[in-house]
Amino acid sequence: MFDCHTHSTYSPDSIATMFDACKIALQNNLSGIIFTDHYELDLKGANYVFNFDVKKRSQEINNLNLNFKNNFKILEGLEVGFQPHIKQELSNIIKSHDFDFIIASIHSVEKEFISNGQYYQNRTKQEAFNKYLEEIYKSVTQFNDYDVVGHIGYVRRYGNLQDRSMHFKDYPEILNAILKEVIKNNKGIEINSSGYRDILQTPVPNYDIITKYKKLGGQIITLGSDSHKAQTIGHSFDIIKDNLKNLGFKYIAHYEKREPKFTKI
Ligand SMILES: [Zn+2]
Ligand SMILES: [Zn+2]
């Protein structure tokens, strides 16, 4: 298996050097790793600049690949923060380099970071979650230059919520529309294991959404830890893999040169 969602020090909020991340991935018997550093533009009140020198990272990844050999693959990805008004700039950066993998994520609504908590003020949970899901719907209908939709349910992690669940039954129409669009366009969804490291104790998205995706005909799933430090590379993959098998999935994908490669589980 590959860890398809990891942040290196090319992301300003990560402390994982690429070398350390690769070492831990190998220790955890992974076949490879994809560095999906942040690419975000035009955010209100962001503490960091979430973009980086793609060519410099690429050179470093080439060198690491020479170092690690042994059939361990180190691949180049991006996690782009989709916003409707910057979709052209995102497409330009994606087309400017030979990436292996692109995750399209929603981290902000109307230029405001979801993670800073203000997003939840003056909104009920239902409103906050619906607005977030509507942004995902925009990303999958207005943008085509991605491979998988990142962490559907990211909004569960933040805000002062009593109940952080996002079940399919509570948001059926918008989730149905998102999943159908993803499948129609031959894209995939990622299963983000970071929820097992925090209060959620589920993957993101939750299993009932993954089940619905499968029922609708969805086959492409990637697995990612969303690590911002090396120690969490591959975190909880075994438990998620077993649960995915029980749900009837036979393959997990990773991407190389923007093409899905399937591994039997
Ligand atoms: Zn993300
Ligand atoms: Zn991430």
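What percentage of the 265 residues of the protein chain count as buried? Of these residues, 42% are buried, a residue being buried if 20 or more other C-beta atoms lie within 10 Å of its own, exposed if 12 or fewer, and partly exposed in between, with C-beta atoms placed from the backbone. This is a predicted model, in which local features need pLDDT of at least 70, side-chain atom pairs count only at pLDDT 80 or more, and totals for chains, interfaces and linings use all residues. Residues are numbered from 1 along each chain as its sequence is written, while chains are lettered from A and ligands numbered from 1 in the order in which they are written.

**View 1. Secondary structure of the protein chain.** Seven helices and eleven strands make up the assignment; helices (H or I, at least four residues) and strands (E, at least two) are DSSP runs, numbered from the N terminus. The C-alpha trace spans about 50 × 40 × 35 Å along its principal axes.

**View 2. The buried side of helix H7.** Within H7 (residues 237-246), Phe237, Ile240 and Leu244 are buried. The buried residues of H7 line one face of the helix, because they fall within an arc of 65° seen down its axis; the arc is that of the directions from the helix axis to the C-beta atoms. These buried residues pack against strand E8 (188-192) and strand E9 (221-224).

**View 3. The opposite face and the end of H7.** Turned away from the buried side of H7 are the exposed residues Asp238, Ile239, Asp242, Lys245 and Asn246.

Terms used:
Two residues are in contact if their C-beta atoms, placed from the backbone, lie within 7 Å.
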